[in-house]
Amino acid sequence: MHRFHATAPFGVADLLAAELAALGVERPRASPGGVHFQGSLEQGYAALLRSRVASRVILELARGRAASGDALYELARAIPWGEHLDVSGRFAVHCAAPSPPAWLRNSQYAALRVKDAIVDRFRDHVGRRPDVDRDDPDLRVRVRVRGDEVRIGLDLSPGGLHRRGYRAPGEQVEAPLRENLAAAILLAAGWPELAARGAPLCDPMCGSGTLVIEAALVAGDIAPGLCGAATGPSRWRGHDAALWRRLVDEARERAASGRSQLLVDGAPRLFARDRDPRALRMARDNLERAGLTPFVVIERGELTDWSPPREGPGLVVTNPPYGARMGERDDSLAIYEQLGARLRGFVGWRAAVLTGASEHARALGHRPEARRELANGPLQCELLTFTIVEEPAVALPEDLVGRLRKNLKTLGRWARRAGVTCYRIYDADIPSYAIAVDVHETDAGRCLHIHEYAAPSSIDPDKARARLDAAVAAAAAVLEVPWPRVFVKQRRRQRKGEQYERIAEEGSRFVVREGPCRLLVNFTDHLDTGLYLDHRDTRALIGELAAGRDFLNLFAYTATASVHAALGGARSTTSVDRSNTYCDWALDNLALNGLDADRHRVIRADVDAFLRTERRRYGLVFVDTPTFSNARHTPDTFDVQRDHVALLRAVARLLTRDGVIVFSTHARRFELDSEALADLPLVVTDITRETIPRDFARAPRIHRCYRFDPRP
């Protein structure tokens, strides 16, 4: 008996375990990185040849604990390497350390110690050593370190099992789907059972044809290992060539018999299409190399004119463009909307759709029966599987729809009369739908920015997700906003230092109007958009107070208050923030409003350092502090409750004789220490109530705001 480890893509280890069990492996044990199992060399070879999901099959040579690099060396040196590699051969060592111990500086160090152990073992026993060749070794040694536990094994799968051999090297579509992940998608969708009944399969966006080729291999009982040279681990010294040949011959006999099942009454039952001629050319070439051209109908066509074949029902499986494959978010969401609409013509069929984000699933408009998180290389994905029904699966909750319509009638009328184009229309009014919905009238049309307040851990995640999907669908329907302009994020309690964290890299920005200002918002890359809506009235106050004054904006964020001050008649504005991103954004906001960069400065600096060195005087200072902040490259931290007295004292030193401070914070439990500030020549007024806009009236604790005026 041997110990093996079959690795697999993230999210499909359970499918691999079931597959190995079907091959006769007893008690395969799934783990996050794959499946561990014990068996004969024949069972290991069968996994190499017949597994559709495995990435690699590793024969374990040694396992043990290593509390140091020397202990790892001794563990590796004890292995009889001459049984596995000729001294004239070449080898390479690869190490993965998902949970490295304290002694392991990096995975390369562990690989180097194992390489030294192999070389020294040969020198001691043979007097010579084999060469190292990372590109084309005869033997690949795999080392896995998790804590103090170490496993050392031989990779029996030359080049990786996902490389079936039917793809031409260097010729691919963007973000191609790995072959073994495509096979896993088909297994998760129930294709083997459907194929056994003679059901058809359609892929309306086939790209280079990976899904339909893997579907043909499953339906035709064609072992994926037969697509390549089927040489097996022939350069391993322990290779049993006779056993391998027998297994290959058996697999070829099964494939010859299974190919006849790929035709129904002499006609193919696998259908693929795409709009891209280049992708179709690659798909046809891949089919030819796989020997499957007669068994697949492949054609060029738009998604909008796609309809079911006469055969059916069967399986629709597809990997629509998303993420790296799609430069424009609007385009990708529009494709999902189109796909969802076309799928309603396939009533009774099963569907499996690989998506790149939850927003894609919502745009699809079909409630999934199952979701599975997957990884296609570096891309995080989600597989949705469901049976197609006539009506959209996402039922709109009547109570939420009613509340949204009521709010739209009242707040919408107020916003039109007040000239407000960006406002909050719903904020967890109904506890079971814990979302905040912000309307933004942009240069591209109405957009929705929706925050989900994270559900407690006691709530079932699937139920929470279904409720969110229904709530988002209700908001989009009532407010008549198409899916490409609906943006959804989850807002949870922030850990210290997280308020400026980037969450995406899409970079798409829209222009909105606020009073006299034009401002840039971004709905995708950060938790916030670049425009705090609850400070709308505060910014209007800044615009009124700024006339004829030099204005200083501390913790300036995207400098929206500076734009209000400048258009309100400020002599100059100075905006200070330590974030490169927000300083660049501030400059763009100023430029968008035609404001001169010489009179309206943006300074990238820590506020505390700026206050220590600044010598200019200002007639108006706006201080909108974070609740907590820690600089990435310094040990300094800022806590508004702890540090606001020192901050306001430093600001007061920069005021002109008639200078005014407007101080604000989103810290909900903040209490101003009036006694500690009593000696300042300033009168403080709590203007929180006056600066809470009407659309935030139900959340009066959204911020605290104070005005400091010179004593009379």
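Tutor: One term to begin with: contact means heavy atoms within 4.5 Å. Also note that this is a predicted model.

Student: Which elements do the buried residues of H3 pack against?
Tutor: Start with the residues themselves. Helix H3 covers residues 69-77, and its buried residues are Gly 69, Leu 72, Tyr 73, Leu 75 and Ala 76. They span an arc of only 165° around the axis, so they sit on the same side of H3. Their packing partners are strand S4 (56-65), helix H4 (107-126) and strand S8 (149-155).

Student: Is Asp 203 buried or exposed?
Tutor: Find Asp 203 in strand S9, residues 201-203. Buried means under 20% relative accessible area. Asp 203 has 2% relative accessibility, so Asp 203 counts as buried.

Student: Which side chain makes a polar contact with the side chain of Asp 203?
Tutor: Look at what Asp 203 touches, leaving out residues up to four places away in sequence: Leu 211, Phe 271, Ala 272, Arg 273, Val 317 and Thr 318. The polar contact has a distance of 2.8 Å, and the partner is the side chain of Thr 318.

Student: How many aromatic pairs does the structure hold?
Tutor: Each pair is described by the distance of the centres and the angle of the planes. The count for this structure is 16.

Student: What kind of pair do Phe 487 and Phe 510 form?
Tutor: Planes over 60 degrees apart count as edge-to-face. Here the ring centres are 6.1 Å apart and the planes are at 70°, so the pair is edge-to-face.

Student: How many residues apart in sequence are the parts that this pair ties together?
Tutor: Phe 487 is buried at 3% relative accessibility. Phe 510 is buried too, at 9%. Phe 487 belongs to strand S21 (residues 486-491) and Phe 510 to strand S22 (residues 510-514), so the parts tied together are apart in sequence by 23 residues.

Student: What is the angle between the planes of Phe 663 and Phe 670?
Tutor: Both Phe 663 and Phe 670 are buried. Their aromatic pair is tilted, with 5.8 Å centre to centre and a plane angle of 50°.

Student: Over which ring does the charged end of Arg 105 sit?
Tutor: Look for the ring centre 4.2 Å from that charged end. The ring belongs to Tyr 109.

Technical notes: Residues numbered from 1 in each chain as written. Predicted model: local features only at pLDDT ≥ 70, side-chain atom pairs only at ≥ 80, totals over all residues. Heavy atoms only, no water. Helix = DSSP H or I, 4+ residues; strand = E, 2+ residues; numbered from the N terminus. Buried < 20%, exposed > 50% of the residue type's maximum accessible area, 1.4 Å probe, protein only. Polar contact = N/O pair within 3.5 Å; in protein donor to acceptor, adjacent residues only side chain to side chain. Arc of directions from axis to C-beta. Phe/Tyr/Trp six-rings, centres within 6.5 Å; stacked < 30°, edge-to-face > 60°. Lys NZ or Arg CZ within 6 Å of the ring centre and 35° of its normal.
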